[in-house]
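Good morning, everyone, and thank you for making time for this.

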Amino acid sequence: MSTYLIRRLLYALPILLGVNLITFALFFVVNSPDDMARMQLGVKRVTPEAIEKWKVERGYDKPLFWNAGADGLARVTDTLFVSKSLAMFRFDFGRADDGRDIATEIRTRMGPSLAIALPTFLLSLILTIWFALFLVFFRHTTLDLVGVMLCVAMMSVSSLFYIIGGQYLVSKVWSLVPISGYAEGLDGLRFLVLPVLIGVLGGLGGGARWYRTLFLEEIGKDYVKTARAKGLSELTVLWRHVLKNGMIPILTGVVVVIPTLFLGSLLTESFFGIPGLGSYTIDAINAQDFAVVRAMVFIGSLLYIIGLVATDLSYVLVDPRVRFD
Amino acid sequence: MGWQAVILGSDLLFFVLIALSLLGAVWARRRPDLVRAWRRVAESDAAMASMTVLAALLVVGVLDSLHYRAALPGAPGQPVMYAAQVDSALDALTRQLSGHTEKTYSAPFAAHLYAKETIDLPDGRQMRAYPRLAWGGRHLPVPERDRPADIARGLAAALALAVTLSALLALLLMRPWRHGALARAWRHFWRAEDGVKWRAVWLAASALCIVFVPLLLLSGDYHVLGTDKVGQDILYQALKSVRTAWLIGTLTTLIMLPFAIFLGIYAGYRGGLADDIVQYLYTTLNSIPGVLLIAASVLMMQVLIDTHPEWFATAAERADARLLALCAILGMTSWTGLCRLLRGEALKLRELDYVQAARAFGVSRARILVRHILPNVMHIVLISIAMDFSGLVLSEAVLSYIGIGVDPSMQSFGTMINSARMELSREPMVWWSLATAFVFLFVLVLAANLFADAVRDALDPRLASPIGGRA
């Protein structure tokens with residue numbers, strides 16, 4: 001088990017390095033730092049001195065991969081690739097354009113993101129599974145058909161409309177919860193209700209339809225017939241047998257997501273004014289703060305890869321047939 | 001008046017795609033297994049109805065892709081000059097929409113602006129009132145009195161026309177000259193005795209007629225769906241957005257397809273180092289969260305476009321380049337799913353007897369890939385094109401909202417929603433622009449989803465899990 005884990009984590013390293021190279025290529029090779037400076041300072045009427053100053057301020061005044069002007073090891077280390085890209089492995093993300101340290105910012109913003117994303121994720125998983133099992137229980141009836149049609153219709157609505165519609169109905173017309181905002185602790189609960197509900201609703205259609213097909217696949221198998229032949233009620237069969245076996249494909253899609261919950265949701269956070277990582281990213285995109293976007297890409301990939309490893313581990317927990325050798 | 005055809009990059013690709021699909025259809029007609037599969041699609045009511053809706057929207061998209069520049073009026077003998085503005089056939093057909101701009105918001109069927117303004121009276125005094133619209137209800141002498149009756153008259157006439165059209169269509173689809181008696185033709189048609197659910201086509205087309213004939217007929221006299229903040233007709237915007245949605249939904253797949261197909265089947269068939277490299281490539285790309293990779297790429301593309309204004313002659317060209325780049329970026333982030341599926345399938349096919357036999361006969365690798373592997377994974381490709389479409393259209397809206405979507409000057413559902421999202425908090429509420437975007441987007445995506453489901457069921461019932469799928 002531990003050797004497997006170590007091998008799996010070692011395999012993750014080249015992938016992270018690849019991600020690092022891709023982001024480096026995107027941010028420094030496709031456009032030179034000069035281009036970015038010109039863009040930020042306004043394309044017209046920009047002096048070479050201003051560009052130079054902008055680059056020095058951000059530490060972009062170095063060669064890409066090879067610093068011929070330096071001595072010894074510094075030829076390799078005193079370059080953009082090492083100081084800006086490889087440094088991210090040490091969680092050194094540099095400073096945002098407003099001068100704040102990106103790593104600190106990310107640490108403080110993870111909390112609010114998680115406060116929305118975690119309840120959304122859990123509630124959504126439970127509700128989706130419940131709804132899918134409900135449809136499977138009534139399979140091949142009109143109720144099932146209506147339910148599937150509802151799912152397809154819900155899938156076809158843009159997530160923007162769930163948010164806009166929810167804010168309008170719940171906050172504006174019914175005045176049940178504040179339209180947006182965030183507060184720490186129990187007091188902040190009223191801010192969380194709506195984004196969580198909307199998040200759950202938005203994912204319900206697609207998820208439930210997919211899980212339904214997974215469960216329907218299981219239900220034709222022999223062990224289900226055996227369970228029924230033993231005289232178990234349909235509900236017991238569904239909740240005890242079908243659910244357990246159906247969980248294996250579900251886990252593939254679900255466990256990967258758990259670490260990335262830290263990133264929060266771009267849309268939800270920006271609409272509801274949650275000071276999390278999602279809104280941080282959106283603000284950075286709109287302000288064209290390249291350092292922040294770069295850091296978020298790296299963190300996102302890191303979390304995703306952790307999720308992949310966790311997925312493999314989770315198979316062992318639910319499926320005794322899977323072994324690590 | 002003369003005109004000069006303009007073919008934008010995206011138009012060209014769009015037409016190439018349509019031509020390819022037509023060629024594919026001709027090729028598929030010769031393959032009995034494919035003909036059987038498509039007959040299964042034809043047996044589904046939902047598939048035929050959604051196909052009709054998609055076809056209607058495709059016509060709008062194609063009309064809007066025929067671009068031209070109108071000739072400017074000049075002195076005879078002089079060389080003809082063309083306008084800088086690039087128009088499309090759709091613009092020309094809907095002059096009553098594109099040309100009739102108001103000052104600002106106006107409600108559907110309104111004759112007055114949405115907000116009060118100070119009006120100078122002829123006798124020098126001023127008063128606060130709702131000013132008349134420049135175009136909406138212009139033909140009415142006293143709108144307060146005449147408007148309801150006028151709208152009712154227009155609606156009645158349009159509905160009569162719509163019903164006539166629908167009846168004609170039914171007659172056309174029943175083909176009574178084939179069946180002799182009308183009653184027999186009706187039975188044949190309604191029970192789909194030839195295995196094609198023409199009645200679903202008819203019902204969907206009739207529904208479209210009943211909605212769109214009145215909208216278009218009345219749009220000459222009114223802004224049937226209202227106007228937006230800068231006074232542009234909402235119906236016009238929605239129609240223009242259809243093309244953007246089609247392009248995003250189809251070109252993205254077209255751009256990524258060669259990579260995904262080649263790398264996928266090559267890696268799966270070849271194995272070894274090539275397989276490792278391809279797997280590494282798609283695992284790496286896949287491990288960057290999609291939205292973030294798209295955001296980073298689009299950001300860089302914006303810098304590239306903004307620092308090189310000399311590359312583009314007209315604003316339309318720049319917007320078009322941005323759209324194509326967006327498609328390429330979306331494609332780069334979404335080819336991984338298809339590539340993985342194709343690799344797995346090629347891995348399986350490699351071991352099958354007929355492939356082994358071909359290898360034993362000394363058929364070259366390239367030939368095996370093209371003749372034996374490729375045709376047998378095409379159903380996966382088709383299914384994933386169909387399944388990806390709706391997700392891509394929806395993601396365009398989200399990306400445009402975040403600010404990394406299409407060029408702000410380009411009409412799309414995303415830019416429509418983005419500019420309208422604050423309008424619900426106005427007093428009185430401006431709901432029509434959001435509602436229109438919602439309905440159009442919903443109908444398009446719903447039709448695409450239903451059609452994709454039918455295609456998947458017909459081509460490969462086992463493949464039940466969603467391919468790709470993005471947030």
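This is a predicted model: local features need pLDDT of at least 70, side-chain atom pairs count only at pLDDT 80 or more; totals for chains, interfaces and linings use all residues.

Let me start with chain A, which has 15 helices and zero strands, and whose C-alpha trace spans about 80 × 60 × 35 Å along its principal axes. Of the 325 residues of this chain, 48% count as buried. If we consider the contacts in chain A with a separation of 6 or more, 67% of them come from residues 24 or more positions apart. The accessible surface of chain A is about 15,800 Å², and carbon and sulfur atoms account for 66% of that surface.

Now to the interior. In soluble globular proteins, nonpolar side chains tend to be buried together. Which residues touch the most other members of the largest nonpolar core here? That core has 174 residues, and the ones that touch the most other members are Phe93(A) and Ile102(A) from chain A, together with Ile373(B), Ile402(B), Ile417(B) and Leu441(B) from chain B. The element that gives the most to this core is helix H10 of chain B, covering residues 234–270, with 20 residues. In chain A, domain 1 (2–90) and domain 2 (107–318) both give residues to this core, so the core lies between them.

Leaving aside its neighbours within four places in sequence, Ile402(B) is in contact with Leu266(A), Leu267(A), Ile282(A), Ile285(A) and Asn286(A). There is also a second, separate core of 21 residues, which includes Ile219(A), Val224(A), Val237(A) and Val242(A).

A nonpolar surface patch of about 720 Å² is made by Leu123(A), Leu127(A), Trp130(A), Phe137(A), Val193(A), Leu197(A), Leu235(A) and Trp239(A). The elements that give two or more residues to this patch are H6, helix H9 (189–219) and helix H11 (234–255) of chain A, and the largest share, four residues, comes from H6(A). Trp130(A), one of the patch residues, lies in that helix H6 of chain A and is partly exposed, with a relative accessible area of 42%.

The next pair is in chain B, where the side chains of Lys103(B) and Glu117(B) meet in a salt bridge at 2.8 Å, N to O. This pair links distant parts of the chain, with Lys103(B) in the loop between helix H5 (95–98) and strand S4 (117–120) and Glu117(B) in strand S4 of chain B, 14 residues apart. Lys103(B) is exposed, with a relative accessible area of 58%, whereas Glu117(B) is partly exposed, at 23%.

The last pair is Glu345(B) and Lys348(B), whose side chains meet in a salt bridge at 3.5 Å, N to O. Because they are three residues apart in helix H13 of chain B, residues 315–350, they are separated by about one helical turn. Glu345(B) counts as buried at 17% relative accessibility, while Lys348(B) is exposed, at 52%. As for the network, salt bridges that share partners join Arg209(A), Asp453(B), Arg456(B) and Asp457(B).

I will finish with Asp150(B), which has its place in helix H6 of chain B, residues 143–174. Asp150(B) is buried, with a relative accessible area of 14%. Leaving aside its neighbours within four places in sequence, Asp150(B) is in contact with His139(B), Leu140(B) and Tyr222(B).

Conventions: Residues are numbered from 1 along each chain as its sequence is written. Chains are lettered from A and ligands numbered from 1 in the order in which they are written. Side-chain values use heavy atoms; hydrogens and water are left out. A nonpolar core is a set of buried Ala, Val, Leu, Ile, Met, Phe, Trp, Tyr and Cys residues joined through side-chain atoms within 4.5 Å. Buried means under 20% relative accessible area, exposed over 50%, partly exposed in between (1.4 Å probe, protein chains only). Domain bounds come from an automatic or database domain assignment. Contact means heavy atoms within 4.5 Å. A salt bridge is a side-chain nitrogen of Lys or Arg within 4 Å of a carboxyl oxygen of Asp or Glu. Accessible areas come from the Shrake-Rupley method with a 1.4 Å probe; for residues, only the protein chains shown count as cover. Patches are made of residues with over 30% relative accessible area and no salt bridge: like charges are joined within 9 Å, nonpolar side chains (Val, Leu, Ile, Met, Phe, Trp, Tyr) within 5 Å.
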